[in-house]
Amino acid sequence: MSTLTLTWIALPLFVGFSIYLFPKLDRYLTLGVALVSVGYALQLLFVAKAPLTLQLLDSFGVTLIVDQLSGFFILTNALVTTAVILYCWHTNKTAFFYTQTIILHGSVNAAFICADFISLYVSLEVISIAAFLLIAYSRTNRSIWVALRYMFVGNVAMLFYLVGAVLVYQANYSFAYEGLSNAPIEAVALIVLGLLSKGGIFVSGLWLPLTHSESETPVSALLSGVVVKTGVFPLVRFALMMEAIDPIVRLFGVGTALLGVGYAIFEKDTKRTLACSTISQVGWILAAPEVGGFFALAHGLAKSTLFLIAGNLPSRNFKELKEQPMNTGLWIALVMASLSISGFPLFAGFGAKVLTLKNVQSWQWQWIVMNLGAVGTAMVYAKFILLPHGKEKPVRASFWTPILLLLSALIAASGMYLEGYTLLNITKNLAIIAMGWLAYFLIFQRVVLKLPRVLEQLEHLIGVMVVMSLTLILLFKLVLV
């Protein structure tokens, strides 16, 4: 198993650099690597009986933990990457695009099995570079600026993270995650701050709507489906490892869920709505760390589907879409993915919502707020579900292969939690969805409110990090001391 894991983690990097030697095989090589990851993840979820821990170079080296939590995130990455490659199969994407895609895929996988701060830092930096190149792939002035903004914000966040990692080493003479429990409060705060920004969490994640909405369609699917989760995964791991950190992670999860859904409800642009919804959904992952892996899978599959569909709609503006009926097949796929995120039975989103709400029941305030967030999510996706359809404008045939793959995975993944299909849970989820749809149809559909975007400006994004660092230090002192 150790040899298999090391081979699997090195394979995307080896293939990525080999693509330039065999440019005509670029699609086949990248697809092959993604399918290998699908197999590896399924083996982790359904065959492996115990977590695998690898210590490669004692306390100074690389520590890896491969378990079921990793399996959910790796499967998400594998399926989304496979879908994106299939989506681009009959386009004019160059070998450069596929190289960056598969290097991104491998680096994301690495982030999901890292168990030391320096290995995670290296993975996140490689992810940032590959994502930067993919965002700027179209080479327009707009895309280059968005990519540079993404890179700059990410680099500043990782400076905070790196200082925290050094402080952990100073206290423990090791970079392993376990050292966080014995590190100074400032170290914990700085590391968490860096990850909050990378994961698009709370106000530190307000770089996300512009970045995800202005990228090309397949890149948006990758960013929202998997890349953003590389900042979320370590926080989930910390919460499960250290009881003292758990309530703060949950607190940020609840705040993020509400912030994202609040922005998404009032957005008039389809891709910005989906991007703001991503902020909300990563909050759901953090709100219940014990079941965060399953929620990440359900969200990643549905959100990447929605971004791929959004790129094929007649317009990005909801007002214009109400006057331009879309292709019926496109609308059906849009409804299915929207229902999954809303928590409708028969899709993975149902089990994920039920598990999350069940997990937060012991925290009464959190349970109430997350139920409100679930109603808000239903309101957001009512905007998509209630769009008109019937105009049979043709959609390219190759578009349906990745969409069918993702939707099939959403339905198949619903079988991972069959215990949740009780009459009470089904009735409750349907009631939440109905409340959201009614609220949108009767009230919010007519509300015109443009929320300020001042905090999305570059200088304010950096300022927010400074303020958040001080806030986190105070928070951790209250909780940990």
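Hi everyone. Let me start with a definition: an axis here is a line fitted to C-alpha atoms, for helices over the stretch in contact, and angles run from 0 to 180 degrees between N-to-C directions. Helices (H or I, at least four residues) and strands (E, at least two) are DSSP runs, numbered from the N terminus.

This is a predicted model, where local features need pLDDT of at least 70, side-chain atom pairs count only at pLDDT 80 or more, and totals for chains, interfaces and linings use all residues. Residues are numbered from 1 along each chain as its sequence is written, and side-chain values use heavy atoms, leaving out hydrogens and water.

Now, the helices. How do α7 and α20 cross? The axes of α7 (residues 185–198) and α20 (residues 458–480) come within 9 Å and cross at roughly 130 degrees. The two are therefore oblique to each other; angles under 35 degrees count as roughly parallel, over 145 as roughly antiparallel, 65 to 115 as roughly perpendicular and the rest as oblique. Contact means heavy atoms within 4.5 Å, and the residues making it include V188 and L196 of α7 and L472 and F476 of α20.

Next, a loop: E456 is found between α19 (423–444) and α20. Is E456 buried or exposed? It counts as buried, at 9% relative accessibility; buried means under 20% relative accessible area, exposed over 50%, partly exposed in between, with a 1.4 Å probe and protein chains only. Leaving aside neighbours within four places in sequence, E456 is in contact with R149, L206, P209, L210, R272 and L461.

Finally, strand β2 (residues 63–66) is covered on both faces: T63 and I65 on one side, L64 and V66 on the other, all buried.
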